[in-house]
Amino acid sequence: MNTVEIIKRKRNGEKLTKDELKFLIDGYLKGKVADYQITSFLMAVYFRGMDDEETLNLTELMLHSGDIINLDHIKGVKVDKHSTGGVGDKTSLILAPQLASLGVYVPMISGRGLGHTGGTLDKLESIPGFRINMSEEEYKSTLGKIGCVMIGQTERLAPADKRFYALRDVTATVDSIPLIASSILSKKLAEGAEALVFDVKMGSGANLQDERESEKLARKLVSVSRKFGKKAVAVLTDMKEPLGFNIGNWLEVEECIEVMNGRKIDDLLKVNNVLAGAMLWLAGKAKDIPEGEVIAEQALDNGTVYAKFLEMVQAHDGSVSYIKDYKNKKRPAYSRKIISDKDGYVNGLDAFGFGVASVMLGAGRKKAEDRVSPLSGIILNKKCGDKILKGESVCELFADDDSKISDALPYTEKAIRIDTKPDFEKKLIIDIID
Ligand code: URA
């Protein structure tokens with residue numbers, strides 16, 4: 001087989017065989033196929049797509065590019081959730097300790113920022129010392145002890161996805177159903193969970209801009225999971241405006257700590273608790289998703305979730321004192337507020353625009369080798385539907401370099417829509433596919 005011929009076949013819209021896909025993936029992991037060839041392959045898939053059989057084969061090959069963890073020794077149900085990617089999308093940080101505090105094991109293998117969307121690993125690493133790399137043994141023992149664990153892919157866990165993902169992030173090849181489905185599922189099927197909840201984002205800040213495509217992705221994630229013997233639910237959630245108020249790595253961790261300490265943020269809590277409800281239902285701890293949502297809500301109110309979060313941070317060598325000091329706001333050197341020049345209503349905070357702006361500020365990567373800035377990002381002072389007065393702040397931008405604020409400013413300004421009359425309808429949970 002010949003790498004160039006395989007790329008050419010996909011470029012021309014032909015269907016690739018499992019052997020051809022295996023040749024590419026194995027060759028890449030062994031250093032026989034170059035980054036630029038895989039990038040071309042990814043771009044060809046982006047334009048030409050893959051049918052169900054190819055997507056299933058790609059998923060299976062990416063899954064088997066590494067080990068599949070067996071968690072049978074842990075007695076209890078193991079459930080995880082994965083998002084297709086959003087802006088201000090921070091629920092993993094709450095859900096893992098929340099479910100663990102309710103007796104459900106959450107083995108979580110997460111990703112870094114991807115395109116304009118944030119990544120759980122980058123957020124966790126904004127906690128000084130937090131280690132996202134663990135051996136399989138440590139991963140299992142931490143899960144058994146704490147009830148949750150959040151790591152990145154090691155060289156032995158879906159390594160093909162880890163390498164593809166880094167290329168997709170910076171080559172405009174994120175928004176493709178077969179690439180997203182195989183990426184998510186190869187990680188999730190490797191981690192040992194028995195049931196999966198997918199948060200499939202819809203709207204401008206989602207990885208797929210077309211709503212019908214998001215729905216197709218949701219159905220694909222559920223059906224492929226079932227083919228691999230997993231119970232699965234997909235929740236289609238809104239991503240027209242960023243979730244919650246904070247966008248950026250530490251800023252999002254800080255907001256989650258506040259929520260775990262009683263702060264009420266309507267949209268974040270609604271999406272979080274519906275996902276938690278679905279996880280509890282799949283775990284057999286609730287008779288349906290609405291009952292699970294109520295149980296999840298109560299857990300957040302009684303302080304046990306925060307205690308579990310601190311336990312998890314400690315197990316990952318993260319600084320617990322840094323977390324406990326969250327009221328002492330940690331901000332980078334430069335900031336700028338965007339002030340409304342009129343009275344009116346906030347009718348649009350375009351999530352895609354805010355996502356791009358946060359990457360410009362340093363919260364995400366423009367090149368694969370970029371380091372993200374832990375403290376950079378954006379805090380919204382208003383949400384869609386809010387009234388605003390002339391002179392009030394819509395949001396504040398943070399960066400460790402003033403030129404980054406200047407770069408991000410036009411994207412942010414363009415993302416804000418203020419009109420004299422209210423014109424915004426919120427629908428956070430669009431559909432549930434179970
Ligand atoms: N999350 C992933 O892990 N992969 C994607 O492609 C998108 C979201």
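How do the residues of the shell around the ligand divide into nonpolar, polar and charged? The points below take up this question and then turn to the cavities. The model is predicted.

1. The shell by class. The shell around the ligand divides into four nonpolar, four polar and two charged residues. The residues around the ligand are H82, S83, T84, L114, Y165, R168, I180, S183, I184 and K187.

2. Where the shell comes from. β1 (79-83), α8 (159-169) and α9 (177-190) each supply at least two residues of the shell around the ligand. Of the elements, α9 gives the most, with four residues.

3. For S183, an N or O atom of the side chain is 2.6 Å from a nitrogen atom of the ligand. Taken alone, the ligand exposes 240 Å², and the protein buries 98% of that.

4. Rolling a probe the size of a water molecule over the atoms shows where empty space is left. In this structure there are five cavities of 30 Å³ or more. The ligand sits in the largest cavity, and that cavity has a volume of about 330 Å³.

5. Lining of the largest cavity. This cavity is lined by 31 residues, and H82, S83, G85, G118 and Y165 lie nearest its centre. By class, the lining has eight nonpolar, 15 polar and eight charged residues. The elements β1, α5 (91-101), β2 (106-109), α6 (120-124), α8 and α9 each supply at least two residues of the lining. The largest share, five residues, comes from α9, the element that also gives the most to the shell around the ligand.

6. The second largest cavity. About 130 Å³ of space lies in the second largest cavity. Its lining is made of 21 residues, of which H116, T117, G118, S358 and A363 lie nearest the centre. The elements that give two or more residues to this lining are α6, α11 (249-260) and α16 (351-360). By class, the lining of the second largest cavity has five nonpolar, 12 polar and four charged residues.

7. A residue and an element to look up in both linings. G118 is among the residues nearest the centre of the largest cavity, and G118 is also among those nearest the centre of the second largest cavity. Likewise, α6 supplies at least two residues of the lining of the largest cavity and gives two or more to the lining of the second largest cavity.

Key: Residues numbered from 1 in each chain as written. Predicted model: local features only at pLDDT ≥ 70, side-chain atom pairs only at ≥ 80, totals over all residues. Heavy atoms only, no water. Near = heavy atom within 4 Å. Polar contact = N/O pair within 3.5 Å; in protein donor to acceptor, adjacent residues only side chain to side chain. Areas by Shrake-Rupley, 256 points an atom, 1.4 Å probe, with all protein chains shown as cover. 1 Å grid on protein atoms, 1.4 Å probe; cavity = no way out; pocket = protein on both sides within 12 Å on 5 of 7 lines; lining within 4 Å. Sits in = over half its atoms within 2 Å of the grid points. Nonpolar A, V, L, I, M, F, W, Y, C, P; charged D, E, K, R; others polar. Points joined across faces, edges and corners; volume = space filled by probe spheres on them.
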